[in-house]
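Have the sequence open alongside.

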Amino acid sequence: MAEISVREGVAEDFNELMRLAVDATRENAFVEPDIEMLAQHMYASLTKQMGVAGVIGGGPGEKLEGMIILRIGTMWYSKDPILDEKAIYVAPEFRSAKGGRARKLAEWAKDVSENLGIPLAIGVLSNSRTEAKIRLYERVFGAPAGVYFLYNAKTGLTEG
């Protein structure tokens with residue numbers, strides 16, 4: 001088995017990244033996604049417009065197994081830049097496969113944060129397998145810095 005690695009996504013990955021992003025919103029969104037807005041975020045990350053995409057899979061334009069979208073932004077109270085994780089997703093058929101894809105994507109985000117020298121904000125916003133996801137993040141990032149609540153909503157717009 002080949003070593004699982006994360007590479008930086010490029011524009012040729014757009015269609016595959018969109019496929020994963022739409023699947024991710026079906027599974028995890030709690031409001032209806034806007035496909036045009038989603039496409040703008042994906043393309044901007046792939047072309048390094050205030051962000052970056054990490055992907056697992058074949059070469060550019062080939063089938064992807066997982067992705068992470070990181071955007072550079074700010075907190076509402078500061079002009080200091082932060083790296084803001086928008087999505088981390090592994091396709092269902094690769095979740096139980098050897099290689100630890102979700103962990104590799106999370107570790108890649110840490111590396112990007114360290115290389116840029118700016119803080120990473122990343123978290124779990126899901127009503128599905130939440131405890132397992134939190135345990136993974138605690139192993140990679142350490143103790144959490146809070147908790148997030150959804151009221152009058154739940155993640156997952158479609159039944160899988």
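## Ground rules

Buried means under 20% relative accessible area, exposed means over 50%, and partly exposed is in between (1.4 Å probe, protein chains only). This is a predicted model, where local features need pLDDT of at least 70, side-chain atom pairs count only at pLDDT 80 or more, and totals for chains, interfaces and linings use all residues. Residues are numbered from 1 along each chain as its sequence is written, and side-chain values use heavy atoms, leaving out hydrogens and water.

With a relative accessible area of 8%, Thr155 counts as buried. You'll find Thr155 in the segment after helix 4 (130–141); helices here are DSSP runs of H or I with at least four residues, strands are runs of E with at least two, and both are numbered from the N terminus. Beyond its neighbours within four places in sequence, the contacts of Thr155 include Glu27, Phe30, Leu125 and Leu150, contact being heavy atoms within 4.5 Å.

Phe30 itself sits in the loop between helix 1 (14–28) and helix 2 (35–46). Phe30 is partly exposed, at 32% relative accessible area.

Which residues of helix 4 are buried? They're Thr130, Ala132, Leu136, Tyr137 and Val140. They cover an arc of only 165° around the axis, so they lie on the same side of helix 4; the arc is taken from the directions from the helix axis to the C-beta atoms.

That buried set packs against strand 4 (81–90) and helix 3 (101–116). Exposed Glu131 and Arg139 are on the face turned away from the buried side.
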